[in-house]
Amino acid sequence: MKSNYLKLTELIGKARSLDSVSGILGWDSNTMMPSGSMKYRAEQMALLQELSHKIIVSRRTGDLLDSVDESKLSEWDSSNLRLIRRDRDNILAVDPKISEELTKVSLDCRSQWVEARKNNSFKDIVPVFSKVISLVKEVAK
């Protein structure tokens, strides 16, 4: 029978895999993605973030975290458990709607920045960049 720690790390591993896929999509959006596809890509990345978020904040994850007997863990695993707890606490502190909105707005800002750079018209991105800053401040609260 698997220990609760192993069950927890498998569950967190799934969330991290979703984050990794999102990272690849982000890389693609910055390097090879055709222009005009950013809105769809933002929705994809927001969905991956939502799924990862649901895993991390789930009752199952919380129950597993609470049930791990830290005295039976190696120093490495104990440190990993503390990082999982810290990351979960940080995620729980932010409204998921704000996180999702920040992902979408950031990608929109990046897309507009690419166009602004081509046209040397950076004033055009001020409204969307201001929204990014506003959302980052909200997350920081």
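**Helix packing in the predicted chain**

In the predicted model, helix α5 passes helix α6 in a left-handed crossing. Two packed helices are described by the angle between their axes and the distance between the axes. For α5, which covers residues 96-119, and α6, which covers residues 126-140, the axes come within 9 Å and cross at roughly 150 degrees. Because angles over 145 degrees count as roughly antiparallel, α5 and α6 are therefore described as roughly antiparallel to each other.

On the α5 side, the residues that meet α6 are Ile98, Glu101, Leu102, Val105, Ser106, Asp108, Cys109 and Gln112. Their counterparts in α6 are Val128, Phe129, Lys131, Val132, Leu135, Val136, Glu138 and Val139. When the residues of this contact between α5 and α6 are divided by class, 10 are nonpolar, two are polar and four are charged.

The crossing of α1 and α4 is left-handed, as is the passage of α5 across α6. From α1, the residues Tyr5, Leu8, Thr9, Ile12 and Arg16 take part in the contact, while α4 contributes Asp77, Asn80, Leu81, Ile84 and Asp87. By class, the contact of α1 with α4 comprises five nonpolar, two polar and three charged residues.

At the level of the whole protein chain, the model contains six helices and zero strands, and the order of elements from the N terminus on is α-α-α-α-α-α. The radius of gyration of the protein chain is 18 Å, well over the 14 Å that the globule rule gives for 141 residues, so the chain is more spread out than a compact globule. Along its principal axes, the C-alpha trace of the protein chain spans about 60 × 30 × 25 Å.

Buried residues make up 32% of the 141 residues. Among the contacts in the protein chain with a separation of 6 or more, 70% are accounted for by residues 24 or more positions apart.

Notes
Residues are numbered from 1 along each chain as its sequence is written. This is a predicted model: local features need pLDDT of at least 70, side-chain atom pairs count only at pLDDT 80 or more; totals for chains, interfaces and linings use all residues. Side-chain values use heavy atoms; hydrogens and water are left out. Axes are lines fitted to C-alpha atoms, for helices over the stretch in contact, and angles run from 0 to 180 degrees between N-to-C directions. Helices (H or I, at least four residues) and strands (E, at least two) are DSSP runs, numbered from the N terminus. Angles under 35 degrees count as roughly parallel, over 145 as roughly antiparallel, 65 to 115 as roughly perpendicular and the rest as oblique. A crossing is left-handed if the near helix is turned anticlockwise from the far one by less than a right angle, and right-handed if clockwise. Contact means heavy atoms within 4.5 Å. Ala, Val, Leu, Ile, Met, Phe, Trp, Tyr, Cys and Pro count as nonpolar, Asp, Glu, Lys and Arg as charged, and the others, Gly among them, as polar. The radius of gyration is taken over C-alpha atoms; the globule rule is 2.2 Å times the number of residues to the power 0.38. Buried means under 20% relative accessible area, exposed over 50%, partly exposed in between (1.4 Å probe, protein chains only).
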